[in-house]
Amino acid sequence: MKEPLKACLTFGVLAGVLRPVMNLLMGKEWIDTDKLPRDSGMIVAPNHVTEIDPVAVGHMLYNQKINPHFLAKASLFKIPVVGALLTASQQIPVERTSSGAHQSLEAAKTVINQGGGIIVYPEGTLTRDPDMWPMKGHTGAARLALQTGAPLVPVAHWGAQEVLPRYGKKLHIFPRKKVRIIVGDPVDLDDLRGKPIDRELLTKATERVMDAITALLEELRGEKAPAKRWDPAEYKQTSHGRTLEDGSQGTDAE
């Protein structure tokens, strides 16, 4: 089952605009892309250090002939032009209601069955870790993998934060930077599949995902991550959005 022609054409147009810009902004080194499944769709779980991460990871996937799909707020689909592009490229609307969640799951299954890649950031937002290591993860990526049976592929990248610093608003174009992306083996969840999906199961699966992402980032950075993963709750930080606590912004903006 292939993706609809309309979606493929939309991706082609978007790629025609964005790829030259990305190639101008930064060099690229993509490692172990052969580990991406070629016989099925997948869920891709990257680390999150800057707001241009999705474009960098999407660029890598598209060049591997895998169309990137993101979970997006349902409200975005109501914005003129933006909503039309999101719909045409089969991005996945996310709503809070039970019926909306079911529709999102069905949309995700459709994308996976068509061989697409769904990008889900387990951290939920830009990492709060001061040294930009992966922080404590949310369970969304693991839940989606267990619900759909799709392979869950960990990905780590480093370098995009030099183009747009974490919480930054200004691009640092010169000198030209390089982003490095490494793909890991699909996370082994076989022993967890087919069991009731409860909090304990999701936590175990999520820990495996975050461990895999962290190990890949250690390889890219050539150093060891802290023994204990950063937990925003322990530092009275929010776990979503740009604000950290009491409405304060991140400190890396430039």
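This is a chat about the predicted model of one protein chain.

User: Hi! What should I know about the model and its numbering before I start?
Analyst: Hello! The model is predicted, so local features need pLDDT of at least 70 and side-chain atom pairs count only at pLDDT 80 or more, while totals for chains, interfaces and linings use all residues. Residues are numbered from 1 along each chain as its sequence is written, and side-chain values use heavy atoms, with hydrogens and water left out.

User: Great. How many helices and strands are there in the protein chain?
Analyst: The protein chain has seven helices and seven strands. These are DSSP runs (helices H or I, at least four residues; strands E, at least two), numbered from the N terminus. In sequence order the pattern reads α-β-β-α-β-α-β-α-β-α-β-α-β-α.

User: And why call it as compact as a globular protein of that length?
Analyst: Because its radius of gyration is 18 Å, close to the 18 Å that the globule rule gives for 254 residues. The radius is taken over C-alpha atoms, and the rule is 2.2 Å times the number of residues to the power 0.38. Along the principal axes, the C-alpha atoms fill a box of roughly 45 × 45 × 40 Å.

User: What share of the residues is buried?
Analyst: Buried residues account for 48% of the 254. Buried means under 20% relative accessible area, exposed over 50%, and partly exposed in between (1.4 Å probe, protein chains only).

User: Which residues have the most contacts inside the largest nonpolar core?
Analyst: Those are I43, I118, L144, L146, L152 and L189, in a core of 25 residues. Six residues, the largest share of this core, come from α7. A nonpolar core here is a set of buried Ala, Val, Leu, Ile, Met, Phe, Trp, Tyr and Cys residues joined through side-chain atoms within 4.5 Å.

User: Nice. What is L152 in contact with?
Analyst: Leaving out neighbours within four places in sequence, L152 contacts I43, A45, A141, A142, A145, P186, V187, L189 and V209. Contact means heavy atoms within 4.5 Å.

User: I see several α5 names there. Which residues of α5 are buried?
Analyst: The buried ones in α5 are A141, A142, L144, A145 and L146. Just after α5, G149 takes a positive phi of about 80°.

User: Which non-glycine residues have a positive phi?
Analyst: M132 is one of them, with a phi of about 65°. M132 sits in the loop between β5 (117-119) and α5, and counts as buried at 17% relative accessibility. Y167 also has a positive phi, of about 65°. Y167 lies in the loop between α6 and β7 and is buried, with a relative accessible area of 3%. Most residues other than glycine have a negative phi, and most peptide bonds are trans.

User: Speaking of peptide bonds, where is the cis one?
Analyst: A cis peptide bond joins F174 and P175, with omega about -10°. P175 is in the loop between α6 (160-163) and β7 (177-183).

User: Switching to charges: how many salt bridges come out?
Analyst: The count is 12, where a salt bridge is a side-chain nitrogen of Lys or Arg within 4 Å of a carboxyl oxygen of Asp or Glu. One of them pairs D185 with K35, the closest N and O atoms being 3.7 Å apart. D185 lies in the loop between β7 and α7 and K35 in the loop between β1 and β2, so this pair ties together parts 150 residues apart in sequence.

User: What about D191 and R208?
Analyst: Their side chains meet in a salt bridge at 2.8 Å, N to O. D191 is in the loop between β7 and α7 and R208 in helix α7, 17 residues apart. D191 is partly exposed at 39% relative accessibility, and R208 is partly exposed at 25%. Elsewhere, salt bridges that share partners join D32, K35 and D185 into one network.

User: Last one: is T33 buried or exposed?
Analyst: T33 is buried, with a relative accessible area of 17%. T33 is placed in the loop between β1 (26-31) and β2 (42-46). Not counting residues up to four places away in sequence, T33 touches R38, M60, Q64 and V183. The C-alpha atoms of T33 and Q64 are separated by 7.6 Å, although these residues are 31 apart along the chain.
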